[in-house]
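Subject: Structure handover

Hello,

Please read them with the model open.

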Amino acid sequence: MDCGLAEYLLLDPGDPANWGSQTDTSLMRFGLAKSGFTTPFELDIDKVARLNQESAYHVSLLDVFKTLSVQDKPLKVSIRPLLDVTLDLASKTDEGDETIYRFNVYTKKSNSPMASSLRCYTVLGDYVVNTTSSTSTLGVGTVDVSLPNSLNGTALLITLAKIEPRIVSYGIYSFKHDTGDEPYPLGTFVRLSPLNYMLRVELQYLTEEISSAKVFTYNYSFNLATVTKSTGIEQYSIPQLQDVSPMVLVVTGFNQSISFAEWVTYPPLPLDFGSDFMEKHDPMNSLSLHFLVNINSALYECEITLGEQGDDA
Amino acid sequence: MLRNRDGQVRVLEAFLASTLVFSALLVTVPIRTAVENSRDRETLYVIGLNMLIELDREGELGNLVAKNDWSTLSKRLSTLLPLGVAYNLTVYNEDMGIVNNSPISGGGTLVNNVLSIQYLLAERISCQFYVIRLQLSWMK
């Protein structure tokens, strides 16, 4: 029964079948499968995007529970990349007209080191530099990035790690180039909500100005075209790239003299949606099921945890 | 004398009560273990079948079998299966002869409670059919 419910969530598109991209209709039945999928466990990017509680378009847990008619059955859906990518700054060398940063990259799956190919983008305002590297079978690699000292502000190192053919993950490191301040936490300046191949940017201060919006995948990077601009909200169009990769969307800008670089991924992974098993429910009375799922051809891991009915321990 | 008899009855009562408690434990432990085993097997089945479907999604499983590339197939299985799951995969042809000439296994040794999944594979280029038998067990 529990396995059946878990599989149902991943094999049924729900009702309406395109509820992910249709924000003006109410959810009648919850299911994460892509409408008209050709092979099982293919999930809809927008249905997954709406599980992100940071998004302006998120669905509420209560609505989902109501449509499943399991209000008192604890349920949690976690979707994450198969590979963990972590980055740390190893050294910084001032070479006069440029600064060279060396980063260590670690790639692991369930704490086991994995070799992977790396595609790295460093973003500083409108300036983008693209490098490739790899991690060894020990799951360790290095990336060198040089940034001109004529520029300054908040920079991002975006690292996409790939294991052929369809395992792609990412790691992002935010750092200050040639300025004193530490990077601000995500969401300080803008709230980013991608849906239906549009990026909604909500400015948090009226004094802000966006200087660029970009998308990065394993093989491509593009500037996003502005669709609408109104006070406090801007919309950008996201290209439908046929690349086996999550999309990293980056918005850079200024709030008076402070430069910022904020990002979100599309689909927004890793994500956890549902009941809090550590706080409210007894994890000993729960069943966790692991699935491999596909979102835009890239492979991710989905864990569905189901608790006992009426378990309010 | 009457008090002594009372005492004997109490001892008998205590003995019967403890027998009842221990027999209840003896009965419930196998039931609980059986339920856990059945859940473990159900979980393994879901993991194994889901992984075979994913490997077969764009014809990769068929390509690797057609090329007899058992080491790559083994690497893929090790990457895709969760930590703690041991596996052994055997490829059979239409006459149920074993095709793989080297073992395709990993994640440790298959112990008791081994689950077996049969998967019919259609190789898309030469239209050959194979039966894949995937054996899985949790490492204890």
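A:Glu301 is found in strand β20, which covers residues 298–306 of chain A. Keep in mind throughout that this is a predicted model.

Is A:Glu301 buried or exposed? A:Glu301 has 21 other C-beta atoms within 10 Å, and because the cut-off for buried is 20 or more, it counts as buried. Leaving out residues up to four places away in sequence, A:Glu301 touches A:Arg80, A:Leu82, A:His290 and A:Leu292. A:Ile79 is 222 residues away from A:Glu301 along the chain, yet their C-alpha atoms are separated by 5.7 Å.

Confidence

The model scores ipTM 0.79 and pTM 0.86. For chain B the average pLDDT is 83, and 82% of the residues score at least 70. One stretch to treat with care is residues 28–33 of chain B, where pLDDT stays under 50. The model has 0 contacts beyond four places in sequence for that stretch. Where pLDDT is low, the predicted coordinates should not be read in detail.

The largest nonpolar core holds 101 residues. Which of them touch the most other members? They are A:Leu10, A:Leu156, A:Ile158, A:Val248, A:Leu249, A:Val250 and A:Val293. Strand β8 of chain A, residues 153–163, supplies the largest share of this core, with 7 residues. As general background, nonpolar side chains tend to be buried together in soluble globular proteins.

β8(A) is mostly covered, with 11 of its 11 residues buried. Apart from neighbours within four places in sequence, A:Ile158 is in contact with A:Cys120, A:Tyr121, A:Val123, A:Tyr170, A:Ile172, A:Phe216 and A:Val248. A:Val248 is itself listed with A:Ile158 among the core residues that touch the most other members.

What does β8(A) pair with? Strand β5 of chain A, residues 116–124, runs antiparallel to β8(A) and is joined to it by 8 bridges. In that pairing, A:Cys120 stands opposite A:Thr159. Strand β9 of chain A, residues 167–177, also runs antiparallel to β8(A), here with 11 bridges. A:Ala161 stands opposite A:Ser169 in β9(A). β8(A) and β9(A) are joined by a hairpin through 3 residues.

A separate open sheet in chain A

Another item to look at is an open sheet of 4 strands in chain A, in the order β10-β11-β15-β14, with antiparallel pairing. Its edge strands are β10 (190–195) and β14 (225–230), each of which pairs on one side only. From one strand to the next, the twist averages 20°. Inside the sheet, β11 (residues 198–203) and β15 (residues 233–237) are joined by 5 bridges. A:Met198 stands opposite A:Ser237 in β15(A).

Chain B has 3 helices and 4 strands. From the N terminus on, its elements run α-α-α-β-β-β-β. Of its 140 residues, 20% count as buried. Among contacts in chain B with a separation of 6 or more, 64% come from residues 24 or more positions apart.

How many residues of chain A are in contact with chain B? The count is 17 residues of chain A against 15 residues of chain B. On the chain A side, strand β19 (residues 287–295) gives the largest share, 6 residues. The residues on that side divide into 11 nonpolar, 5 polar and 1 charged.

A:Cys3 is a residue to check here. It lies in helix α1 of chain A, residues 2–11. Not counting residues up to four places away in sequence, A:Cys3 touches A:Leu289, B:Glu42 and B:Val46. A:Cys3 counts as partly exposed because it has 16 C-beta neighbours inside 10 Å. A:Cys3 and A:Leu195 are 192 residues apart in sequence, and their C-alpha atoms are 30 Å apart in space.

Regards

Terms used
Residues numbered from 1 in each chain as written. Chains lettered and ligands numbered in written order. Predicted model: local features only at pLDDT ≥ 70, side-chain atom pairs only at ≥ 80, totals over all residues. Core = buried A, V, L, I, M, F, W, Y, C linked by C-beta atoms within 7 Å. Buried ≥ 20, exposed ≤ 12 C-beta atoms within 10 Å, placed from the backbone. Helix = DSSP H or I, 4+ residues; strand = E, 2+ residues; numbered from the N terminus. Contact = placed C-beta atoms within 7 Å. Pairing = 2+ DSSP bridges. Nonpolar A, V, L, I, M, F, W, Y, C, P; charged D, E, K, R; others polar. pLDDT = per-residue confidence, 0-100. Axes fitted to C-alpha atoms, helices over the stretch in contact; angles between N-to-C directions.
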